[in-house]
Amino acid sequence: MSVEANTRAIEKDVVTDFSTRMSYASYLDLDTLLSAQKPVSSPEHHDELLFIIAHQTTELWLKLVLHETLAARAAFDADDIGTALKCVARVKHIQKTLTEQWSVLATLTPTEYSQFRGFLGNSSGFQSYQYRAVEFVLGNKNAAMLAVFESDPAAHELLSTLLHEPSLYDAFWRCLARRGYEVPESALSRTVSEAYTFNADLMPLITFVYDKNAEHWAVYEAFEEFVDLEENFQLWRFRHMRTVLRTIGMKRGTGGSSGVGFLQKALVLTFFPELLAARTEIGR
């Protein structure tokens, strides 16, 4: 086979002069993006680049998750369940990508990580304000977390705002109430700055919708989308915990946490407890 036969010719209409045009690199600001990886180990350790890119990529995806989740909440506020569920569906696909990313970080062996871990100081994923923002929007609120971000005014302001705003779940129940569903007052008037907890008053409405799903398909679909969202989040948490266990064992986290033990406690947190509890009630 000749070299020419294994070469794809550039079509005559393909633009090649970007001296006065916007290019792929300029649109994505690749100069900024690709210069944002700054290893701190000295001498620079080969595997630190993997560690940085894995976490930076996660933050980019979290930015989009937050963007879509806030849009879903706004859609519920506008009584537009279809648009809200479209946003949630996109979040679900992002979550799968985030979960799979742990497999790349898991290629970092304990020996490799130990050679640059000490250079990280107290920096830790625990300090990801975007992750906390997503948790807050989904209902896992914790006012004590704001103290972690007092040195970052923008992050502190964002989390403080989200702390005192209704969650995605709150917006959903308010939307249903406006659509004529008998949503209990306890779900509509709860203190939104507190972490969401199981509300038994919602169970009759939830089981009713599941029993009559053909007549209430949009709400039924929303229930199942929320369950998917919760399950994906828990799978991400589990893979996080297992990756940490695989890499550092039972050592303490760089941010001061107990490490794996602290991450294990997150596995019992829930966003939509009634939707999971309904599984026990349905078909009894």
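Student: In which helix is the place of Thr-161?

Tutor: This is a predicted model, and in it Thr-161 belongs to helix H7, which covers residues 153-163. Thr-161 has a relative accessible area of 36% and is therefore partly exposed. The C-alpha atom of Thr-161 is separated by 9.7 Å from that of Ala-133, a residue 28 positions away along the chain.

Student: How many helices and strands does the secondary structure of the protein chain come to?

Tutor: The protein chain has 13 helices and zero strands. Its pattern along the sequence is accordingly written α-α-α-α-α-α-α-α-α-α-α-α-α. Along the principal axes, the C-alpha atoms fill a box of roughly 70 × 55 × 40 Å.

Student: What share of the 284 residues counts as buried, and what share of the contacts joins residues at least 24 apart?

Tutor: Of the 284 residues, 41% are counted as buried. For contacts between residues at least 6 apart in sequence, 70% join residues at least 24 apart. The accessible surface comes to about 16100 Å², and carbon and sulfur atoms account for 56% of this area.

Student: Which residues of helix H10 are buried, and what covers them?

Tutor: Helix H10 spans residues 203-211, and its buried residues include Met-203, Leu-205, Ile-206, Thr-207, Val-209 and Tyr-210. The cover over the buried residues of H10 includes H8, H11 and H13.

Student: Let us turn to charge. How far apart are the mean positions of the positive and negative charges?

Tutor: The chain carries 27 positive and 36 negative charges, and their mean positions are 4 Å apart. As a general idea, side chains of opposite charge can pair when their charged atoms come close. For this model the cut-off is a side-chain nitrogen of Lys or Arg within 4 Å of a carboxyl oxygen of Asp or Glu, and by this rule there are 10 salt bridges.

Student: Which parts of the chain does the salt bridge between Arg-90 and Glu-68 tie together?

Tutor: The side chains of Arg-90 and Glu-68 form a salt bridge with an N to O distance of 2.9 Å. Arg-90 is in helix H4 (residues 81-105) and Glu-68 is in helix H3 (residues 48-77), so this pair ties together parts 22 residues apart in sequence. Arg-90 is partly exposed at 39% relative accessibility, whereas Glu-68 is buried at 6%.

Student: With which residue does Arg-178 form a salt bridge?

Tutor: Arg-178 pairs with Asp-79, and the closest N and O atoms are 2.9 Å apart. Because Arg-178 lies in helix H8 (residues 168-178) and Asp-79 in the loop between H3 and H4, the pair ties together parts that are 99 residues apart in sequence. Arg-178 is partly exposed, with a relative accessible area of 45%, and Asp-79 is partly exposed at 32%.

Student: Where do Glu-224 and Arg-279 lie?

Tutor: Glu-224 and Arg-279 meet in a salt bridge of 2.7 Å, N to O. Glu-224 is part of helix H11 (residues 217-248) and Arg-279 is part of helix H13 (residues 273-281), so the bridge ties together parts 55 residues apart in sequence. Glu-224 is partly exposed at 28% relative accessible area, and Arg-279 is partly exposed at 37%.

Student: How many disulfides does a search of the whole structure find?

Tutor: The cut-off is a pair of cysteine sulfur atoms within 2.5 Å, and the search finds zero disulfides. The sulfur of Cys-87 has its closest cysteine sulfur, that of Cys-175, at 13 Å, which is too far for a bond. Cys-175 is thus in no disulfide either. Cys-87 counts as buried at 10% relative accessibility, and Cys-175 counts as buried at 0%.

Conventions:
Residues numbered from 1 in each chain as written. Predicted model: local features only at pLDDT ≥ 70, side-chain atom pairs only at ≥ 80, totals over all residues. Heavy atoms only, no water. Helix = DSSP H or I, 4+ residues; strand = E, 2+ residues; numbered from the N terminus. Buried < 20%, exposed > 50% of the residue type's maximum accessible area, 1.4 Å probe, protein only. Contact = heavy atoms within 4.5 Å. Areas by Shrake-Rupley, 256 points an atom, 1.4 Å probe, with all protein chains shown as cover. Lys, Arg positive; Asp, Glu negative; His and termini not counted. Charge placed at Lys NZ, Arg CZ, Asp CG, Glu CD.
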